[in-house]
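Open the model in your viewer and keep the sequence panel beside it. This tour goes from one selection to the next and says what is there.

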Amino acid sequence: PSLSEILNLHDFEAIARAVMPEKAWAYYSSAADDEITNRENHAAYHRIWWRPRILRDVTHVDWSTTILGHPSKMPLYITATALGKLGHPDGELNLTKAAAKHGVIQMIPTLASCAFDELVDAAQPGQVQFLQLYVNKDRAITKKFVQHAEERGIKGLFITVDAPQLGRREKDMRQKFEAEDPAEVTGNNQENKVDRSQGAARAISSFIDPGLDWKDIPWFQSITKMPLILKGVQCWEDALQAYDLGLAGVVLSNHGGRQLDFSRSGIEVLVEVVRELRARRGLSFPNEKFQLFVDGGVRRANDVLKAVALGATAVGVGRPFLYAFSSYGFEGVDHALQILHDEFEMNMRLLGARTLKEVVPEMVDASSLQSH
Ligand code: FNR
């Protein structure tokens, strides 16, 4: 179908499934075990209902914000997803270019198919990029990578903490990861031994250190001045510890359902984190000094605005952009972001919110969330 027939982000998934090579579809779409968490991620948004306000002049609506102090045209960012070249020869470059055009921030994955420097070089002057970090067993490699990223102007370091071991993504494991795969050599080669017999994820992840611990946080703080964010927090206790250690924020995420199955959705966790950090540290959200992010299952601006209403600074969106560039290259991602833009405009008007400051907790009925 032509792009003009694509009306929402779900459409990209259906098209990607039909046109993508089986192996790439298996890697992108798969989730852990019975994929219950993956399904729950989007479903959780279905339990939240709006309480919109009327008769407010909504001629002009503005959904721009700042993320870690940097301007973003929307309260969302393109989150890190590995192996972009499995879906399209330009890989993550598609995302860099579309992010620039739409004024949103891209999080570069450690396991990008494109070289890290290629993605930084491709950015427009002033374009903000973050880095997702998998911590190597060899800390010298990690230190070098982090300090290089800081020198290259990366504005936030998102340390993935939910993947001491990769989850079982059985759809992916049934595929062999062949030597001639274009994405085999990730641009930021971190690996030691590669086992190709059980899918892409296992082949590229053996360098990740399962020994990573809270004790390592001061070390990260000693090697970089970039804001540090933990990606993959799933309960208020760990969010509180991150705050007490002076980190810049946490991403409430279950890795797109690809790690521990039966983890709760990020939006579900958000409610308890906001409640407990208010009760225990007097914090209110959204908060400039300690920012809460959510990802997983976000498919519409409507979803994003629910997370904002409940206290998130911004949300991450993953698979929809992968499906968009796998099917249509840069134009697909461009169109996906345009769809979100149009959805934000309409939703802000229908909510009676002129700015994101007016998207407040009273605007949602989240009483059906378990964590409420
Ligand atoms: C991911 N994600 C991920 N996260 C991370 O910290 N490092 C990584 O290398 C990857 N790689 C990756 C690959 C693919 C194909 C997917 C789908 C996801 C997880 C990602 O950052 C995010 O948490 C989820 O993708 C969000 O869920 P949605 O938007 O994909 O539903």
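Keep in mind that the model is predicted.

**Whole chain**

Start with everything shown as a cartoon. The protein chain has 13 helices and twelve strands. Its radius of gyration is 19 Å, close to the 21 Å that the globule rule gives for 372 residues, so the chain is as compact as a globular protein of that length. Along the principal axes, the C-alpha trace spans about 60 × 50 × 45 Å. Buried residues account for 52% of the 372. Now consider contacts between residues at least 6 apart in sequence: 74% of them join residues at least 24 apart.

**The barrel**

What do the strands 4-5-6-7-8-9-10-11 form? They make a closed barrel of eight strands, with parallel pairing. From one strand to the next, the twist averages 30 degrees.

Select strand 4 (residues 76–78) together with strand 11. They pair in the parallel sense over three bridges. Ile78 has Val317, in strand 11, as its bridge partner. Bring back helix 4 (residues 93–102). Helix 4 packs on the sheet and touches both strand 4 and strand 5 (105–108). The direction of helix 4 makes about 155 degrees with that of strand 5.

Step on to strand 6 (residues 129–133). Strand 5 and strand 6 are a parallel pair over three bridges. Met107 has its bridge partner, Phe130, in strand 6. Is strand 6 enclosed or exposed? Five of its five residues are buried, so strand 6 is largely enclosed by the rest of the structure. In a regular strand, side chains alternate between the two faces of the sheet. Color strand 6 by face. On one side are Gln129, Leu131 and Leu133; on the other are Phe130 and Gln132; all are buried.

Strand 7 (residues 157–160) comes next. Strand 6 and strand 7 pair in the parallel sense, again over three bridges. Leu133 stands opposite Ile159 of strand 7. Both faces of strand 7 are covered too: Leu157 and Ile159 are buried on one side, Phe158 and Thr160 on the other.

**The ligand**

Center on the ligand. How many residues surround the ligand? There are 25, and the closest are Ala82, Thr160, Gly256, Gly318 and Arg319. Color the shell by residue class. It divides into nine nonpolar, twelve polar and four charged residues. Thr160, from the buried residues of strand 7, is among the closest to the ligand.

**Helix 1 and helix 13**

Select helix 1 (residues 9–19). Its buried residues are Leu9, Asp11, Phe12, Glu13 and Ala16. They pack against helix 2 (22–29) and helix 13 (319–351).

Stay on helix 13 and pick Phe325, which lies in it. Phe325 has 27 C-beta neighbours inside 10 Å, so it counts as buried. Show what it touches, leaving out residues up to four places away in sequence: Gly87, His88, Asn94, Phe330, Gly332 and Val333. Then draw a distance from Phe325 to Glu92. The two are 233 residues apart along the chain, yet their C-alpha atoms are separated by 8.9 Å.

**Backbone stops in the loops**

- Go to the loop between helix 11 (266–281) and strand 10 (291–295), where Pro286 sits. A cis peptide bond joins Phe285 to Pro286, with omega about 0 degrees.
- Go to the loop between helix 2 and helix 3 (36–43) and select Glu35. Glu35 is not a glycine, but its phi is positive, about 60 degrees. Is Glu35 buried or partly exposed? With 17 C-beta neighbours inside 10 Å, Glu35 counts as partly exposed.
- Finish in the loop between strand 1 (49–50) and strand 2 (65–67), at Leu55. Leu55 also has a positive phi, near 55 degrees, in a residue other than glycine. Leu55 is exposed, with 6 other C-beta atoms within 10 Å.

Technical notes:
Residues are numbered from 1 along each chain as its sequence is written. This is a predicted model: local features need pLDDT of at least 70, side-chain atom pairs count only at pLDDT 80 or more; totals for chains, interfaces and linings use all residues. Helices (H or I, at least four residues) and strands (E, at least two) are DSSP runs, numbered from the N terminus. The radius of gyration is taken over C-alpha atoms; the globule rule is 2.2 Å times the number of residues to the power 0.38. A residue is buried if 20 or more other C-beta atoms lie within 10 Å of its own, exposed if 12 or fewer, and partly exposed in between; C-beta atoms are placed from the backbone. Two residues are in contact if their C-beta atoms, placed from the backbone, lie within 7 Å. A residue is near a molecule or strand if its C-beta atom, placed from the backbone, lies within 6 Å of it. Ala, Val, Leu, Ile, Met, Phe, Trp, Tyr, Cys and Pro count as nonpolar, Asp, Glu, Lys and Arg as charged, and the others, Gly among them, as polar. Two strands pair if DSSP finds at least two bridges between them. Axes are lines fitted to C-alpha atoms, for helices over the stretch in contact, and angles run from 0 to 180 degrees between N-to-C directions.
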